[in-house]
Amino acid sequence: MRQNLARRAALVDAAIEVLARDGARGLTFRAVDAQAEVPVGTASNYFDNRDDLLTQAGGRIYERLQPDERTTAESLAGPRTKERIVELMRDIVGRITAFRTGWLALLELRLEATRRPELRAVLTERIREDAEANVRYHLESGLPGDETTVKLLYLSMNWLIVEQLTLPDLLTDDEVQNLIAAAVERSLP
């Protein structure tokens, strides 16, 4: 297996694009090579098999979704109020919907994980880590609400994002913003 980390990352990013565009069934080494604009056969030199590629794509999506240090620091600034949580939820929804192909690829991977135990294990671990980090961050930052609040917001924002990405004409931007505020309001004790 080839070890050029930059090339591997470019191939995994290309796989994410292919997943979002063509679905899991369209994810082939040849499609990844074409998306990455590399010679045919390149992807097969970097991944053991298609399952390996799917698994690595699942991990990479979360790497790309992680906020940078500046964004994290800014999220800690300001009051610890319900209104601040609304701002944070709006930021999260905006940031994730801006990486449309990543989220659509993740949906494809989640569906594929129902048939592939190794992929399911990777996604379960990664998503659990993300959820636990969100709970920990929320509790340590002194924002109002408890673990259940964070989980309810996590689940409701995820489905709102799915609606935005798969049926973008279903809700207006004003409706999305109002629903985010209502979700925060109703999730807090």
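In the protein, 69% of the contacts with a separation of 6 or more are between residues 24 or more positions apart. The structure is a predicted model. The protein contains 10 helices and 0 strands, and its elements follow one another along the sequence in the pattern α-α-α-α-α-α-α-α-α-α. The C-alpha trace spans about 55 × 35 × 30 Å along its principal axes. The protein has 189 residues, of which 39% count as buried.

Helix α9 is considered next. Helix α9 comprises residues 147-166. The 20 residues of α9 reach 29 Å from the first C-alpha to the last, which is close to the 28 Å expected at 1.5 Å a residue. The buried residues of α9 are Thr149, Val150, Leu153, Tyr154, Met157, Asn158, Leu160, Ile161, Val162, Glu163, Gln164 and Leu165.

Two packed helices are described by the angle between their axes and by the distance between the axes. For α9 and α10 (residues 173-187), the axes come within 9 Å and cross at roughly 165°. Because angles over 145 degrees count as roughly antiparallel, α9 is roughly antiparallel to α10. The crossing of α9 past α10 is right-handed.

On the α9 side, the contact with α10 involves Thr149, Leu152, Leu153, Ser156, Met157, Leu160 and Gln164. On the α10 side, these residues meet Val176, Leu179, Ile180, Ala183, Val184 and Ser187. By residue type, the contact of α9 with α10 consists of 9 nonpolar and 4 polar residues, with no charged residues. Among the α9 residues that meet α10 are Thr149, Leu153, Met157, Leu160 and Gln164, and Thr149, Leu153, Met157, Leu160 and Gln164 are also buried.

Glutamate 63 is found in α4. The relative accessible area of glutamate 63 is 53%, so this residue is exposed, the cut-off for exposed being over 50%. Glutamate 63 and arginine 126 are 63 residues apart along the chain, and their C-alpha atoms are separated by 10.0 Å.

Technical notes. Residues numbered from 1 in each chain as written. Predicted model: local features only at pLDDT ≥ 70, side-chain atom pairs only at ≥ 80, totals over all residues. Heavy atoms only, no water. Axes fitted to C-alpha atoms, helices over the stretch in contact; angles between N-to-C directions. Helix = DSSP H or I, 4+ residues; strand = E, 2+ residues; numbered from the N terminus. Parallel < 35°, antiparallel > 145°, perpendicular 65-115°, else oblique. Left-handed = near helix turned anticlockwise from the far one by under 90°. Contact = heavy atoms within 4.5 Å. Nonpolar A, V, L, I, M, F, W, Y, C, P; charged D, E, K, R; others polar. Expected span 1.5 Å × (residues − 1). Buried < 20%, exposed > 50% of the residue type's maximum accessible area, 1.4 Å probe, protein only.
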